[in-house]
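Visitor: I am new to this structure and would be grateful for a close look at one part of it. Could you please describe that part in detail and then place it in its surroundings?

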Amino acid sequence: MTWRTGEVSVLTLLAVAAVGLALGMGGLSFHYGEGTAYLSDDPAACVNCHIMQEQFDSWVKSSHHIAATCNSCHLPEGPIHKWVSKADNGFFHSWAFTFRNHPDPIRIKPRNRNIVHANCVSCHADLVHEVLPDQLDGRGATCLHCHKDVGHAAWR
């Protein structure tokens, strides 16, 4: 096939259409899902998905609502780790909620449980530095083992 000025192949048009469709659907999903809300530190963003209402309501009743937001506990420290985790969780949360393939009740994944544990230890280092490790190795107790209802009091 020879290329002449002004000619566009069918394959090129299909590729451009596929990219346009993907970007359009992604943009629509981001807009419909109120994606910009997740760029903030506002806990109300977590209730954009109706499945999170119980967790939000229980956080409001918890002892931590005065001192910690969802991001304080559920995201790692450091700007790069925080945004990588937000993107990772955002993708998988939107996928699970869109296709309704999440467990009910929802459960925290092990890597996110490790983040929560590290944040507990970081905030409460003066109380737990000799008792618990800041990183989990699969052995021993974790903060969540005994205190699973602290951030989400009165939740299931």
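Guide: The model is a predicted one, in which local features need pLDDT of at least 70 and side-chain atom pairs count only at pLDDT 80 or more, while totals for chains, interfaces and linings use all residues. Residues are numbered from 1 along each chain as its sequence is written, and side-chain values use heavy atoms, with hydrogens and water left out.

Helices here are DSSP runs of H or I with at least four residues, strands are runs of E with at least two, and both are numbered from the N terminus. An α-helix has 3.6 residues a turn, so residues three or four places apart point the same way. Phe-99 is exposed, its relative accessible area being 52%.

The structure contains four aromatic pairs. In the pair of Trp-95 and Phe-99, the ring centres are 4.6 Å apart and the planes meet at 50°, so this pair is tilted. Rings of Phe, Tyr and Trp (for Trp, the six-membered ring) pair if their centres lie within 6.5 Å; planes under 30 degrees apart count as stacked, over 60 as edge-to-face, and the rest as tilted. Ring pairs also join Phe-91 and Phe-92 to Trp-95 and Phe-99 in a cluster.

Asn-89 is buried, at a relative accessible area of 10%. Not counting residues up to four places away in sequence, Asn-89 touches Arg-111 and Asn-112, where contact means heavy atoms within 4.5 Å. With Asn-112 there is a polar contact between the two side chains, at 3.1 Å. A polar contact is a pair of N or O atoms within 3.5 Å; within protein, one must be able to donate a hydrogen and the other to accept it, and residues adjacent in sequence count only if both atoms are side-chain atoms.

Beyond the helix comes Arg-100, in the loop between α4 and α5 (110-123). Arg-100 is exposed, with a relative accessible area of 68%, and has a positive phi of about 50° although it is not a glycine.

The chain has seven helices and zero strands, and buried residues account for 22% of its 156 residues. Of the contacts between residues at least 6 apart in sequence, 54% join residues at least 24 apart. Elsewhere, Cys-143 belongs to helix α7 (residues 143-147) and counts as buried, at 10% relative accessibility. Between Cys-143 and Val-116 there are 27 residues of sequence separation and 8.7 Å in space, C-alpha to C-alpha.

Methods: Buried < 20%, exposed > 50% of the residue type's maximum accessible area, 1.4 Å probe, protein only.
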